[in-house]
Amino acid sequence: MIPYGRQSISQGDIDAVTRVLNSPWLTQGPVVPQFETSVAAACGAEYAVACNSATSALHLACLALGVGPGDWVWTSPITFVASANCGLYCGAQVDFVDVDPASGNLCPLALADKLVEAAKTGTLPKVIIAVHLCGHSCDMQALAHLTRRYGISLIEDASHGIGGHYKQQAIGSCYYSDITVFSFHPVKIITAAEGGMATTNNAALAKTMSQLRSHGITKLSDEMNRPDEGDWYYEQQALGFNYRMTELQGALGLSQLERLTEFVQQRNALAEVYHQRLSQLPLQWVDPLAGSVSARHLQMLRLDDPTLRRALFDRLRGQDIQVHVHYYPVYLQPYYQQLGFMPGHCPNSEDFYRRILTLPLFPDMTTSQQNWVCEALEAALI
């Protein structure tokens, strides 16, 4: 089976993890802070906070921004469920903003209309989570213009996006947002086996996220509320979680980060081959914004005729090609329908979902594997 995504592990990665296994520190050692510093530097952000998953990082980001019961969190329906669930974890209510019909990213025009209506009813969101689908940046300048006008915090869910750029700024620089979150799941651009990271330029947000990821505990003497009782003493100052990244994960992530540019270049080169080879087929590519550089986590297409999608999916899977669909609109999930969401809530998102298909794309994909995918698509659609 040709997978839709797969990690690329080098001997350097294996050596980095082995060094940690032979060290005194398997968790809470020096490697995770090195990984944080390196990611922050790569993105041009002031701070980075590593977690055991991007879901944890999204949860911490919402908490740090003060999301709680009575608040609203808005996000895109075309995303993994974690982008919405993080608001529910905080006790907030979640709603969805329709997407741009071509990119699948949160639509600034739909957001502007929704904000006008919410302002009338006093239901403006506390936080908006913009999702960079496929690694393609949202129109962050337009989104930031709206959120700043209404005093709303903005999180970038860049789980697909490390290594990308928007308007000369690296994804994760937080030039347009309060916090950016990355994922290091094995199918992502770089992997830490599992793991996530939040970047920010706000010292207070970084401090809150750091403390909450480790039970709300601090061991720093200048943060203590009580006199320091000795080297064993720590204080729990908030109700936090065990969201820490291990040193093994940090070592793998740090080693993978050295190949980030190489991975993004390989992914973009493979995408270009797809574009040139399949340009005559009845489909449209889900492409990044002009002037931006995508990390190309997913190679997604939109079929002109959505009725062909299921048969095409089954046919390609039958030929050992692991095509996929990213994503079923979150509010149509049974759990969210129990909360009152109904079909038709975001029409563009539902139409986008019916047309999309994800093709295999990963750095170590061979020419023969990509030819196999192209030939199968040509045979099915011509």
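## Packing and local geometry in a predicted model

Y166 and Y176 are both buried, a term that here means under 20% relative accessible area, with exposed meaning over 50% and partly exposed the range in between, for a 1.4 Å probe and protein chains only. The model is predicted, so that local features require pLDDT of at least 70 and side-chain atom pairs count only at pLDDT 80 or more, although totals for chains, interfaces and linings use all residues. Residues are numbered from 1 along each chain as its sequence is written, and side-chain values rest on heavy atoms, with hydrogens and water left out.

### Aromatic pairs and charges over rings

Rings of Phe, Tyr and Trp (its six-membered ring) are paired if their centres lie within 6.5 Å, and the planes count as stacked when under 30 degrees apart, edge-to-face when over 60 and tilted for the rest. This rule gives a count of 12 aromatic pairs. In one of them, the ring centres of Y166 and Y176 are 5.4 Å apart and the planes stand at 70 degrees, so the pair is edge-to-face. Y166 belongs to strand β6 (residues 165-166) and Y176 to the loop between β7 (169-170) and β8 (179-183), so that this pair, 10 residues apart, links distant parts of the chain. Helices (H or I, at least four residues) and strands (E, at least two) are taken as DSSP runs and numbered from the N terminus.

For Y336 and F341, the ring centres are 6.3 Å apart with the planes at 50 degrees, so this pair is tilted; both residues are buried. Y336 and F341 are joined through ring pairs with F96, Y331 and Y335 in a cluster.

A charge is said to sit over a ring if NZ of Lys or CZ of Arg is within 6 Å of the ring centre and within 35 degrees of the ring normal. The charged end of K114 is placed in this way over W74, 5.2 Å from the ring centre, and that of R309 over Y353, 4.8 Å from the ring centre.

### Nonpolar cores

In soluble globular proteins, nonpolar side chains tend to be buried together. A nonpolar core is taken here as a set of buried Ala, Val, Leu, Ile, Met, Phe, Trp, Tyr and Cys residues joined through side-chain atoms within 4.5 Å. The largest such core has 44 residues, and within it L111, I162 and F184 touch the most other members. Elements that each supply at least two residues of this core include α1 (11-21), β1 (47-51), α5 (108-121), β4 (127-131) and α9 (260-277), while α2 gives the most, with 6 residues.

With neighbours within four places in sequence set aside, I162 is in contact (heavy atoms within 4.5 Å) with V39, F182, F184, I189, I190, L257, L260, V264 and A295. Another core, lying apart from the largest one, has 37 residues, among them I2, V187, V323 and C374.

T218 lies in strand β10 (residues 217-218) and is buried, with a relative accessible area of 4%. A polar contact is a pair of N or O atoms within 3.5 Å; within protein, one must be able to donate a hydrogen and the other to accept it, and residues adjacent in sequence count only if both atoms are side-chain atoms. The side chain of T218 reaches the backbone nitrogen of L220 at 3.1 Å, and a polar contact of 2.7 Å joins it to the side chain of E223. Not counting residues up to four places away in sequence, T218 touches Q211, E223, M224, Y234, E235 and Q237.

### Cysteines

A disulfide is a covalent bond between the sulfur atoms of two cysteines, assigned here when the two sulfur atoms are within 2.5 Å. The whole structure has 0 disulfides.

### Backbone geometry

A cis peptide bond joins H326 and Y327, with omega about 15 degrees, and Y327 lies in the loop between α10 and α11 (334-338). Two residues other than glycine have a positive phi: Q28, near 55 degrees, and K167, near 50 degrees. Q28 lies in the loop between α1 and α2, whereas K167 lies in the loop between β6 and β7 and is partly exposed, with a relative accessible area of 38%.
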